[in-house]
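Keep it brisk, and spell out the cut-offs along the way.

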Amino acid sequence: MAKSIATEFTKGLWKEVPPFRLVLGLCPVLGVTTSMKNGIGMGLATTFVLLCSNILVSLLRKVIPPKVRIACFIIIIATFVIVVEQVMAAFAYELFMSLGVFIPLIVVNCIVLGRAEAFASKNGVALSAADGLGMGIGFTVSLGLLGAVRELIGTGGLSGDVFGFLPYHLPSIFGAAFQPLEFAVQAPGAFVALGLLLCLMNLIPSK
Amino acid sequence: MYIELIVACIFVNNILLAQFLGNCPFLGTSKKMETALGMAMAVVFVLVLAGVMTWLIFNYLLLPNKLVFLRTIAFILVIASLVQFVEMFLKKSIPGLYAGLGIFLPLITTNCAVFGVTVLNIDKEFGFLQSLVASFAYAVGFGLALVLFAGLRERILLARVPKPLQDTSIALVTAGIISLSFYAFRGMV
């Protein structure tokens, strides 16, 4: 089957959507999804790193000696993580603080390294960019979804913004009698919510 | 004071169940007790070394030279080369331990628990001895949670689980329940 930019892009959105289908990079998935805002912010930061590192790895794939390729990939990824870190500290400080240690942790996110190794080091620039962007958006949507579910159950409503833009505010959707279930935004709730979402995804047949 | 720190790092702020670091190996190597033990040992070993090394590098190299923004890249390089070095050292001098750790040693480079703890130690502005103790205690907490989880997963293999819930899904729900039991330690320290 010929690889096209469109198929490489869309596979990340559903067929191989990172945290669910590949079960990689779970730490930020569990750690930052206490609210939709944090989930989306983390997802976008990861998308940026994924896209840039995929492009650069793909450009350099013929130069990097195979023996030390992992080390080279990590340095490339770490460089972009530092860029994200500095930019977020300057322009989205509040989000930067609430994501905390998980921003530098993008460097060891298995999805980023996994895509560099499995895809970008073997394919052209355009395809790699499509792959990185697709995976990144799939990751962002998954994190946002998980964050939204946990925030809804844990606090009863949704409110926040995306990197300081697009503010949204949805007060209680369950009615006044709803008692927020704080369990959902605490640590144990993360595992259970992700497990159940995974179960729901397994129920939907992938073709 | 150090006892408080140890209890906090093992139970209250358990690296896997409360801080969500190192979840890939948590799910990946917990299907068998044997692999879980191997991973737990490798993490204790590397995490203590990495905690000490990164603390020294941060406080004596990066901080005086105003290179704090290079922290991420410096730490990941230190951890990667440390893992390589440890691997070579063990292969030569303690082959028994090397064979026991096997594949888990190289895998630790991308274990976010190791990287995460080194960053947390710096963020919390721990002193040298505190960093050492915290690294060790976090690693023990990692091992404890991993071994507990592996034991439970071996039992779940024997149970009949509904099809959509199988494998990772049920493992995550189980992890949630273990996490709930660790949650009870909250407020102790």
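In helix 5 of chain A, the residues A:Ala71, A:Ile74, A:Ile75, A:Ala78, A:Thr79, A:Val81, A:Ile82 and A:Glu85 meet B:Thr72, B:Ile73, B:Ile76 and B:Ala80 in helix 4 of chain B. Contact here means that the C-beta atoms of two residues, placed from the backbone, lie within 7 Å. Helices (H or I, at least four residues) and strands (E, at least two) are DSSP runs, numbered from the N terminus. By class, this helix contact has nine nonpolar, two polar and one charged residues. Ala, Val, Leu, Ile, Met, Phe, Trp, Tyr, Cys and Pro count as nonpolar; Asp, Glu, Lys and Arg count as charged; the others, Gly among them, count as polar.

The model is predicted: local features need pLDDT of at least 70, side-chain atom pairs count only at pLDDT 80 or more, and totals for chains, interfaces and linings use all residues. Residues are numbered from 1 along each chain as its sequence is written, while chains are lettered from A and ligands numbered from 1 in the order in which they are written.

Now the geometry of that pair. The axes of helix 5 of chain A and helix 4 (residues 71-93) of chain B come within 9 Å and cross at roughly 155 degrees. Helix 5 of chain A is therefore roughly antiparallel to helix 4 of chain B. Axes are lines fitted to C-alpha atoms, for helices over the stretch in contact, and angles run from 0 to 180 degrees between N-to-C directions. Angles under 35 degrees count as roughly parallel, over 145 as roughly antiparallel, 65 to 115 as roughly perpendicular and the rest as oblique. The crossing of helix 5 of chain A and helix 4 of chain B is right-handed. A right-handed crossing has the near helix turned clockwise from the far one by less than a right angle; anticlockwise makes it left-handed.

Step back to the whole interface. Here 34 residues of chain A are in contact with 32 residues of chain B. On the chain A side, two or more residues come from each of helix 3 (26-31), helix 5 (69-91), helix 7 (110-120) and helix 9 (187-203). Helix 9 of chain A gives the most, with 11 residues. The chain A side has 27 nonpolar, six polar and one charged residues.

What does helix 9 of chain A meet in helix 9 of chain B? Residues including A:Phe191, A:Leu194, A:Gly195 and A:Leu198 face a set with B:Leu172, B:Val173, B:Gly176 and B:Leu180 among them. The axes of helix 9 of chain A and helix 9 (residues 168-183) of chain B come within 7 Å and cross at roughly 165 degrees. That makes the two helices roughly antiparallel. Their crossing is left-handed.

Buried means 20 or more other C-beta atoms within 10 Å of a residue's own, exposed 12 or fewer, partly exposed in between, with C-beta atoms placed from the backbone. Leaving aside its neighbours within four places in sequence, A:Val49 is in contact with A:Ile77, A:Phe80, A:Val81, A:Val84, A:Ile106 and A:Val112.

Finally, a loop. B:Lys66 lies between helix 3 (33-62) and helix 4 of chain B. B:Lys66 has a positive phi of about 55 degrees although it is not a glycine. B:Lys66 counts as exposed because it has 8 C-beta neighbours inside 10 Å.
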